[in-house]
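These are my notebook entries on one structure.

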Amino acid sequence: MKVSLFIPCLTDQFFPDSGMRMLRVLERLGHEVSYDPRQTCCGQPAFNTGYHHEAETLARKFLDIFDRDGAEYIVAPSGSCVTMVAQFYGRMLELPAPYAEAADRVRGRVREFTSFLVDVLGVTDVGAHFAERVTVHDSCHALRELRIKRQPRALLERVEGLELVEMDAAEVCCGFGGTFAVKYADVSAAMAEEKVDSIIRSGATVVTGVDSSCLMQIDGMLRRRGSSVRTLHIAEILGSIS
Amino acid sequence: MTHRPTPIEPENIGRLIAERIHDPRLRGNLARATTTSLVKRAAVVADYDDWESMRAVAHDIKRHVLDHADDYLARFERQATAAGATVHFAGDAEDASRLICEIAARHGRRVAVKSKSMTGEEIDLTHALERAGLETIETDLGEYIIQLAEEPPSHITAPALHKSRGEIGQLFSEKLGIEYSDDPERLTEVARAVLREDFLRADVGVSGVNFAIAESGTLCIVENEGNARLSTTLPRVHIAVMGFEKLLPDFETLSLFLNLLGRSATGQRLTCYTSLITGPRRADEHDGPDELHIVILDNGRARLLADAALREALLCIRCGACLNVCPVYQKIGGHGYGSIYPGPIGSVITPIFRGETRAAGLPFASSLCGACADICPVHIDLHHLLLTWRARISGKRKGKWTERLIMWTFVRVAARTALFDLAGRLLRVFGPLLRSRDGGLRVPIWSDTRTFPAPPPRSFKQCWRADQERPS
Amino acid sequence: MSARDRMFAALRAAATATDRDTERMSLHARLDALAFRAGAADVALFTTRARESGSTVLRCADLSDAARTIVALVEEGQRCILADDPLCASMGLAAGLAGKSCSVTAVRDITLGRDNPDARRAYADAHVGITVARAGLADSGAIIISSSDCESRSVSLLPARHIAMLPAGRIVASLRQAAPLLRHLALDATSAVTLVGGPSKTADIEKVLVTGVHGPGEFVIVIIDDAEGQ
């Protein structure tokens with residue numbers, strides 16, 4: 001299958017490994033993976049803060065690139081950025097005529113990585129090996145906008161050597177929320193603290209999820225606390241082979 | 001120097017949060033109360049396996065009522081009047097207060113007992129009645145507590161939720177002159193005894209309304225304590241205040257809403273008392289008020305109704321579940337928002353009631369996690385409505401200039417791939433100069449509380465290019 | 001333009017042109033397909049749910065059994081107020097209570113009229129108010145009572161304890177099935193209908209449940225299987 005990579009700006013600049021591991025997993029499964037290096041950002045930071053005019057500029061750029069990429073699916077290592085494209089382009093974010101139609105076409109093709117594996121490909125065993133005790137944080141956009149909950153767990157259950165443990169309150173927000181994290185930094189940090197408490201109580205050595213942004217927030221608090229628990233994007237786990 | 005508390009107003013949201021976010025006692029009170037509510041709710045929501053369908057039907061019924069609000073309101077007015085009630089209309093908070101005070105103070109009446117009403121809070125009714133010379137007593141236990149403390153409510157259904165038993169004990173001992181006790185049973189007993197005397201001497205009863213049934217002109221009021229029943233039974237005059245969005249077509253639809261409201265608000269299948277009041281006392285009845293006045297309030301609701309993007313906010317049945325589940329509410333409490341209506345729904349409707357300039361901070365005080373929309377019994381997409389407000393506020397250039405500059409710059413850079421890639425390279429080269437003591441990148445504000453990752457040696461794009469150039 | 005005219009004009013401007021009654025009918029149909037509509041009018045379920053809400057539930061075979069049960073519930077010498085329901089009269093409740101040296105006052109004998117503080121006091125000082133339920137709701141364990149020429153609002157509200165008799169045949173599955181009754185009561189019969197789902201309670205202090213805030217602290221439902229009389 002022809003798959004086009006959608007690498008969000010945060011992944012590109014700060015978490016390249018999760019993107020590369022996602023690429024490896026898709027290639028290992030025998031898909032033809034393409035990446036258009038013109039892509040930058042889907043516009044979500046501007047959109048979420050209410051700057052629709054600015055967001056529209058980036059949405060148009062995104063649609064110019066992806067509407068004609070010739071791939072069957074567009075796959076991203078992020079539930080949040082997929083939500084932006086699949087749920088908000090052309091709906092919450094008004095777009096002029098040709099782009100509104102492009103948004104409708106792209107909507108049907110764009111998928112979050114774990115959802116693509118499980119729901120589209122029907123794959124749960126990707127042949128990964130990862131001998132750690134892992135807990136999953138459900139990031140809000142993936143969970144509530146895309147209804148992704150079971151997919152990452154189904155994949156992790158099939159990873160050799162991995163012990164999956166559930167934290168209490170896995171579905172509670174980590175407090176990132178885009179610009180909320182700095183606009184209301186104290187509240188955001190207080191939410192991260194509770195999330196981290198919950199992770200530590202679970203006894204996991206690694207916390208994972210489908211969004212680098214949430215994991216960055218969680219990791220920021222774990223590091224500040226001096227915890228030994230690591231954060232890894234799920235693609236990094238699924239891309240681990242013995 | 002005496003410390004003056006920051007006024008609980010929406011424009012003070014930043015300071016109000018700063019004063020509360022590090023208060024462990026408040027955090028404990030909030031956590032205990034919200035967790036208890038959520039656990040109790042989940043237990044009774046599990047009664048039905050079609051809860052989602054119930055929400056969907058309830059949503060559509062409310063939408064239907066709004067789509068035909070003129071018909072339903074006319075019918076309600078006709079039926080309530082036929083039953084002997086007097087129906088009044090008020091354009092804004094001031095009109096409503098003036099109208100209610102005028103009715104209340106007629107014939108030299110002096111004492112008013114009030115049962116809990118968010119609409120009453122919205123128009124600051126208690127203070128208006130006091131200014132009009134009526135001794136006004138809040139009779140819901142939670143409302144009574146905060147009236148003694150001279151504070152506004154901090155939750156839609158549990159107004160004194162922010163207070164611990166110790167704080168309430170202290171308050172009762174100071175204000176009522178009783179021996180200190182922090183036993184909820186004892187404190188409740190004291191309040192019952194004091195308020196019972198107030199009920200027996202009251203001239204006027206003031207209440208809110210949960211649902212107004214158009215087919216019969218009936219007011220539906222739900223509660224657990226019995227104070228709303230007493231307020232609408234003993235005084236000679238009952239004044240009820242409601243927004244027109246409380247209308248429901250008939251008793252069939254009411255049956256669904258009572259099912260949803262009790263479960264969502266307090267984790268009950270049905271609250272202890274549901275009063276269905278149709279007109280004042282009838283000739284053959286033994287008790288009840290001689291006069292029933294129903295005041296129907298607009299106060300921005302018509303504007304909301306005409307606003308296609310925000311209209312859904314009028315579906316709200318004021319259960320408070322979105323507050324309980326909101327991780328932001330759980331950290332800052334109702335007073336942190338500076339608004340009578342706190343939490344997600346509060347941040348959606350306060351800009352209407354208090355103006356979008358004064359309430360500009362509220363729609364941003366959310367991580368947009370969407371837990372509110374998932375728990376809402378009438379399925380209002382609250383987090384999407386917050387996004388709508390954000391667009392209006394930022395679109396009118398009401399954000400800080402620094403934020404506008406950052407956003408403008410970011411988008412200009414991200415719009416040009418070469419510029420974006422260059423910015424990334426600069427970040428990698430100069431990033432080490434911006435090292436924070438914790439080893440991460442020093443990011444203003446963020447780094448005060450959390451570590452920010454240091455930029456990796458190569459971007460994804462660079463990794464991918466290197467990969468492409470590698471001979472396969 | 002008056003506030004009324006302005007409000008109606010605004011609502012009319014926002015109204016849709018769809019047919020109100022067709023829409024309402026289709027919403028009713030969807031409502032009636034929901035699970036909560038489909039429960040059983042079951043005495044056992046009613047009892048369980050009522051007890052879960054803090055109500056005391058007693059089950060009696062017939063009216064004389066019910067009279068004995070209620071008399072046994074009331075303590076010696078307590079002040080009781082009794083609804084003037086034909087059911088109460090037929091079971092000889094007043095005589096039974098009098099035999100326990102209780103003072104028994106019928107609702108019709110208390111004129112809680114205009115400015116009669118004594119009447120209010122009589123209610124407030126009573127230990128027990130006894131009424132008859134119009135219906136019981138199995139899915140919530142609540143009963144429906146209403147104000148009428150034989151039953152005041154206060155008799156179930158001011159005394160410390162409320163005892164309600166409920167003929168088993170009046171139990172319906174849910175509030176949905178009670179809608180026609182509520183409509184009839186509101187349109188034709190009474191100014192006040194109350195659904196009572198347990199003793200008066202609050203959780204306003206640290207979510208700790210305390211019963212008996214403003215209304216009766218104790219709520220007893222006496223289910224009567226055969227209430228047709230002997």
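**Entry 1: the sheet.** Which strands form the open sheet, and in what order? I found 8 strands in the order S8(B)-S5(B)-S6(B)-S9(B)-S9(C)-S6(C)-S5(C)-S8(C), with mixed pairing. I note that this is a predicted model, in which local features need pLDDT of at least 70 and side-chain atom pairs count only at pLDDT 80 or more, while totals for chains, interfaces and linings use all residues. Residues are numbered from 1 along each chain as its sequence is written, and chains are lettered from A and ligands numbered from 1 in the order in which they are written.

For the element names I used DSSP runs numbered from the N terminus: helices are H or I of at least four residues, strands are E of at least two. Two strands pair if DSSP finds at least two bridges between them.

**Entry 2: the pairing across chains.** I examined where the sheet passes from chain B to chain C. Strand S9 (residues 273-277) of chain B is joined to S9(C) by 5 bridges, and the two run antiparallel. B:Ile277 has C:Ala192 of S9(C) as its bridge partner. Within chain C, S9(C) is also joined to strand S6 (residues 142-146) by 4 bridges, again antiparallel. There C:Ile144 stands opposite C:Leu195 of S9(C).

**Entry 3: helices on the sheet.** For the angles, axes are lines fitted to C-alpha atoms, for helices over the stretch in contact, and angles run from 0 to 180 degrees between N-to-C directions.

H12(B) lies across strand S5 (211-213), strand S6 (218-223), S8 and S9 of chain B, at about 170° to S5(B). H8(C) lies across strands of both chains: S6 and S9 of chain B, and strand S5 (135-137), S6, S8 and S9 of chain C. Its angle to S5(C) is about 145°.

I also checked the packing of helix H2 (residues 24-45) of chain B against helix H12 (residues 251-266) of chain B; their axes come within 7 Å and cross at roughly 150°. H2(B) contributes B:Lys40, B:Arg41, B:Val44 and B:Val45, and H12(B) contributes B:Arg263, B:Ser264 and B:Thr266. By class, this contact has 2 nonpolar, 2 polar and 3 charged residues. In this scheme Ala, Val, Leu, Ile, Met, Phe, Trp, Tyr, Cys and Pro count as nonpolar, Asp, Glu, Lys and Arg as charged, and the others, Gly among them, as polar.

**Entry 4: the interfaces of chain B.** How many residues of chain C are in contact with chain B? I read 69 residues of chain C against 82 residues of chain B. H1(C) gives the most to this side of chain C, with 10 residues. The side divides into 32 nonpolar, 18 polar and 19 charged residues.

For chain A, 54 residues are in contact with 49 residues of chain B. H11(A) supplies the largest share of that side of chain A, 8 residues. The side comprises 29 nonpolar, 14 polar and 11 charged residues.

**Entry 5: a histidine of chain A.** Is A:His52 buried or exposed? A:His52, in helix H4 of chain A, is buried, with 22 other C-beta atoms within 10 Å. The criterion counts other C-beta atoms, placed from the backbone, within 10 Å of a residue's own: 20 or more is buried, 12 or fewer exposed, and anything in between partly exposed. Leaving aside neighbours within four places in sequence, A:His52 is in contact with A:Phe47, A:Leu93, B:Ala391 and B:Gly395.

**Entry 6: positive phi.** Most residues other than glycine have a negative phi. I noted B:His107, with phi near 55°, in the loop between helix H5 (93-104) and strand S2 (111-114) of chain B. B:His107 is exposed, with 7 other C-beta atoms within 10 Å. C:Ser101 has a positive phi of about 50° and lies in the loop between helix H6 (93-98) and strand S3 (103-106) of chain C. C:Ser101 counts as exposed, with 9 C-beta neighbours inside 10 Å.

Note on methods: Two residues are in contact if their C-beta atoms, placed from the backbone, lie within 7 Å.
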